[in-house]
Amino acid sequence: GLRKAHSGAQGLLAAQKARGLFKDFFPETGTKIELPELFDRGTASFPQTIYCGFDPTADSLHVGHLLALLGLFHLQRAGHNVIALVGGATARLGDPSGRTKEREALETERVRANARALRLGLEALAANHQQLFTDGRSWGSFTVLDNSAWYQKQHLVDFLAAVGGHFRMGTLLSRQSVQLRLKSPEGMSLAEFFYQVLQAYDFYYLFQRYGCRVQLGGSDQLGNIMSGYEFINKLTGEDVFGITVPLITSTTGAKLGKSAGNAVWLNRDKTSPFELYQFFVRQPDDSVERD
């Protein structure tokens, strides 16, 4: 289930929930420590490490990534360490979440080039954020990683033997993103189906190596975040959490992105600063109020 804003929570989570930047928190109940407590400066758990994934299906970030980036930056300014994870490995499978058909396969070298470009874009955004918003407070770190760094060392059979037994098919099949695709005319490939397993493993890897206990993602990522929670909880007995942000959509309600053909890029070589500005100016008033 989803936990709405914690009734007694003050500070970062409650403020961003009220503003509409954070949409939902997961899990609902039964954890040894509740999510707002993790972000309390007065506890031993401070600071936390939070990550968000960005698959390099193109060579630039776009407006659809903005709310997740804003979430990371707010958390960083509050003193927490944030990780932007480039999906150099997972991009080769394609995330089925929120999609009606399979993503076109990308060549290995194309994914590598896109991953390099995304890393540079993320590092530039982080540097600009640091330069423009420095406020005298102690900030957390901003780290960019690429999951190909750990998957390229894995052998398929070894990985399946070590990880596969911790996932139940019934649970994976029950995810909304999977159900929608299974009922579609095109169906769903094994590669796409396996995506949520790799995203769950990413969360586990970052939990083990960096103490990362919170994953941030778009609201269409909830099923993948749940898979990560269940995997980590089974292996370690520890609780981890998810925070979702709303999806930025077009005036017709379509998700913004490269595949939808309506991406507004954050790279000035692909979308000029004026065009980016105009995108926001052209938004209907009710859309601005909703977002």
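This section describes the fold, the nonpolar cores, the salt bridges and a surface patch of a predicted protein model.

Residues are numbered from 1 along each chain as its sequence is written, and side-chain values use heavy atoms, with hydrogens and water left out. Because the model is predicted, local features need a pLDDT of at least 70 and side-chain atom pairs count only at pLDDT 80 or more, while totals for chains, interfaces and linings use all residues.

The protein contains 12 helices and six strands, taken as DSSP runs (helices H or I, at least four residues; strands E, at least two) and numbered from the N terminus. Of its 291 residues, 49% count as buried; buried means under 20% relative accessible area, exposed over 50%, and partly exposed in between (1.4 Å probe, protein chains only). Among contacts with a separation of 6 or more, 78% are accounted for by residues 24 or more positions apart, a contact being heavy atoms within 4.5 Å. The protein exposes about 14600 Å², of which carbon and sulfur atoms supply 52%; accessible areas come from the Shrake-Rupley method with a 1.4 Å probe, and for residues only the protein chains shown count as cover.

A nonpolar core is defined as a set of buried Ala, Val, Leu, Ile, Met, Phe, Trp, Tyr and Cys residues joined through side-chain atoms within 4.5 Å. The largest such core has 37 residues, and those with the most contacts inside it are Phe22, Leu35, Phe39, Phe54 and Ile243. Helix α3 (residues 66-77) gives the largest share of this core, six residues. Domain 1 (22-33 + 44-246) and domain 2 (248-290) both give residues to this core, so it lies between them; the domain bounds come from an automatic or database domain assignment. Leaving aside neighbours within four places in sequence, phenylalanine 54 is in contact with Leu61, His65, Leu69, Leu72, Ala84, Leu85, Val86, Gly87, Leu118 and Leu122. Another core, of 30 residues, lies apart from the largest one and has Phe159, Leu198, Met226 and Tyr229 among its members.

Nine salt bridges are found in a search of the whole structure, each being a side-chain nitrogen of Lys or Arg within 4 Å of a carboxyl oxygen of Asp or Glu. One of them joins glutamate 230 and arginine 175 at 2.8 Å, N to O. This pair links distant parts of the chain, with glutamate 230 in helix α10 (residues 222-236) and arginine 175 in the loop between α7 (169-174) and α8 (176-182), 55 residues apart. Glutamate 230 is partly exposed, at 29% relative accessible area, whereas arginine 175 is buried, at 7%.

Lysine 23 and aspartate 24 also meet through their side chains in a salt bridge (3.6 Å, N to O). Lysine 23 is partly exposed at 37% relative accessibility, and aspartate 24 is buried at 6%. Together with Lys17, these residues are linked in a network of salt bridges. A further salt bridge, at 3.0 Å N to O, joins arginine 137 and aspartate 135. Arginine 137 is partly exposed at 46% relative accessibility, as is aspartate 135 at 38%.

On the surface, Leu156, Val157 and Leu160 form a nonpolar patch with about 310 Å² of accessible area together. Patches are made of residues with over 30% relative accessible area and no salt bridge, like charges being joined within 9 Å and nonpolar side chains (Val, Leu, Ile, Met, Phe, Trp, Tyr) within 5 Å. Leucine 156 lies in helix α6 (residues 156-163) and is exposed, with a relative accessible area of 60%.
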